[in-house]
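Have a go at each task before you read its solution.

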Amino acid sequence: MNTEQINENLAFLHQYVKDLEEKDEKTVQLLTAFNKPKEWIINYLFNLISEHEALLG
């Protein structure tokens, strides 16, 4: 993955998390296909963001 792709993924993930934070728990579960609490899903996505940021160095 090149830097441009990583930055695009980061922008998408940041906006996705922001949008999910405004939704109720059931909607978040339906949108993400995770049968986990909303807090777990948000934390999982923040971990993905951290992994992508680590790729940038």
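Throughout, buried means under 20% relative accessible area, exposed means over 50%, and partly exposed is in between (1.4 Å probe, protein chains only). This is a predicted model, in which local features need pLDDT of at least 70, side-chain atom pairs count only at pLDDT 80 or more, and totals for chains, interfaces and linings use all residues. Residues are numbered from 1 along each chain as its sequence is written, and side-chain values use heavy atoms, with hydrogens and water left out.

**Exercise 1. Work out which residues of helix 2 are buried and which side they take.**

Step 1. The buried residues are Val-28, Gln-29 and Thr-32. They lie on the same side of helix 2 because they cover an arc of only 100° around the axis, where the arc is that of the directions from the helix axis to the C-beta atoms.

Step 2. Turn to the other side of helix 2, where Lys-26 and Leu-30 are exposed.

Step 3. Ask what the buried residues pack against: helix 1 and helix 3.

Step 4. Inspect both ends. At the start of helix 2, a side-chain oxygen of Asp-24 comes within 3.2 Å of the backbone nitrogen of Lys-26. After helix 2 comes Ala-33, with a positive phi near 65°.

**Exercise 2. Find the residues of the largest nonpolar core.**

Step 1. Recall the term: a nonpolar core is a set of buried Ala, Val, Leu, Ile, Met, Phe, Trp, Tyr and Cys residues joined through side-chain atoms within 4.5 Å.

Step 2. The largest such core has ten residues: Ile-6, Leu-10, Leu-13, Val-17, Leu-20, Val-28, Ile-41, Ile-42, Leu-45 and Ile-49.

Step 3. Zoom in on Ile-49. Apart from neighbours within four places in sequence, Ile-49 is in contact with Leu-10, Leu-13, His-14 and Val-17.

**Exercise 3. How many aromatic pairs does the whole structure hold?**

Step 1. Rings of Phe, Tyr and Trp (its six-membered ring) pair if their centres lie within 6.5 Å; planes under 30 degrees apart are stacked, over 60 edge-to-face, and the rest tilted. The search finds four pairs.

Step 2. One of these is Phe-12 with Tyr-16, stacked at 5.5 Å centre to centre with 15° between the planes. Both lie in helix 1, four residues apart, about one turn of the helix. Phe-12 is exposed at 54%, while Tyr-16 is partly exposed at 23%.

Step 3. Phe-34 and Tyr-44 form an edge-to-face pair, 5.3 Å centre to centre with 65° between the planes.

Notes
Contact means heavy atoms within 4.5 Å. Helices (H or I, at least four residues) and strands (E, at least two) are DSSP runs, numbered from the N terminus. A polar contact is a pair of N or O atoms within 3.5 Å; within protein, one must be able to donate a hydrogen and the other to accept it, and residues adjacent in sequence count only if both atoms are side-chain atoms.
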